[in-house]
Amino acid sequence: METKPNVKLTVPFFMVRDMEMSLHFYTEQLGFRVTNTWTPRGKIEWCWLQREAVSFMLQEPRDHTKFDLQGPKGNGVSICFQCEDALALYHEFTAKGVEIQEPFVGNNMWVVCFSDPDGYKLDFESPTDVEEETTYSEWVKNK
């Protein structure tokens with residue numbers, strides 16, 4: 001008898017300092033859409049965001065003092081989005097004002113990495129045969 005998979009999906013869950021600012025960043029600048037919300041006090045305190053096959057959740061804590069005392073968010077954690085064309089997303093995001101360090105090739109992938117307003121590290125990556133450690137500007141110059 002064949003068993004159905006039990007564990008089906010991992011969805012990152014970020015605690016954010018300012019839900020309004022985070023929603024602007026993720027929806028207006030990165031192109032995600034809000035697919036579910038929790039609004040117990042008339043404003044969004046939790047939401048589920050999605051873009052294509054990728055989802056994650058945001059929640060704003062009620063106690064900002066405790067949140068702030070926990071220090072920087074996302075230390076040592078990267079969310080790696082596997083893409084068809086990370087460089088196309090680099091152009092899309094920078095055109096919308098997202099500050100991104102120069103893309104580079106690492107582990108046979110173009111890596112477009114930056115942080116969200118709370119410091120969570122986001123990596124958008126796509127396979128490439130370009131030489132390891134090549135930067136985007138070097139690649140464009142030598143094309």
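Which residue in S4 is the bridge partner of Met15? In S4, Met15 has Gln59 as its bridge partner. Hello everyone, let me walk you through this one.

A word on where the numbers come from. This is a predicted model, where local features need pLDDT of at least 70 and side-chain atom pairs count only at pLDDT 80 or more, while totals for chains, interfaces and linings use all residues. Residues are numbered from 1 along each chain as its sequence is written, and side-chain values use heavy atoms, with hydrogens and water left out.

Let's start with the strands. Helices (H or I, at least four residues) and strands (E, at least two) are DSSP runs, numbered from the N terminus. Two strands pair if DSSP finds at least two bridges between them. In general, strands of a sheet pair through backbone hydrogen bonds, either parallel or antiparallel.

Now look at the open sheet of 4 strands, with the order S1-S4-S3-S2 and mixed pairing. Its edge strands, S1 (13–15) and S2 (33–38), each pair on one side only. S1 runs parallel to S4 (residues 54–59), and 3 bridges join them.

Next comes helix H1, residues 19–29. At its N-terminal end sits a cap: a side-chain oxygen of Asp18 lies 3.1 Å from the backbone nitrogen of Glu20. After H1 you meet Gly31, with a positive phi near 80 degrees.

Rings of Phe, Tyr and Trp (its six-membered ring) pair if their centres lie within 6.5 Å; planes under 30 degrees apart count as stacked, over 60 as edge-to-face and the rest as tilted. By this rule there are 16 aromatic pairs.

Strand S6 (residues 104–106) pairs with S7 in the antiparallel sense over 3 bridges, and Val105 has Trp110 as its bridge partner in S7. Their hairpin has 2 residues between the strands, and Asn107 takes a positive phi near 55 degrees. S7 also runs antiparallel to S8, joined by 7 bridges, with Met109 opposite Pro127. In the hairpin of S7 and S8, 5 residues lie between the strands, and Gly119 in the turn has a positive phi of about 95 degrees.

Last stop: is Thr128 buried or exposed? Thr128 counts as buried, because its relative accessibility is 16%. You will find Thr128 in the loop between S8 (121–127) and helix H4 (136–142). Its side chain makes a polar contact with the side chain of Trp110 at 3.4 Å. A polar contact is a pair of N or O atoms within 3.5 Å; within protein, one must be able to donate a hydrogen and the other to accept it, and residues adjacent in sequence count only if both atoms are side-chain atoms.

Terms used: Buried means under 20% relative accessible area, exposed over 50%, partly exposed in between (1.4 Å probe, protein chains only).
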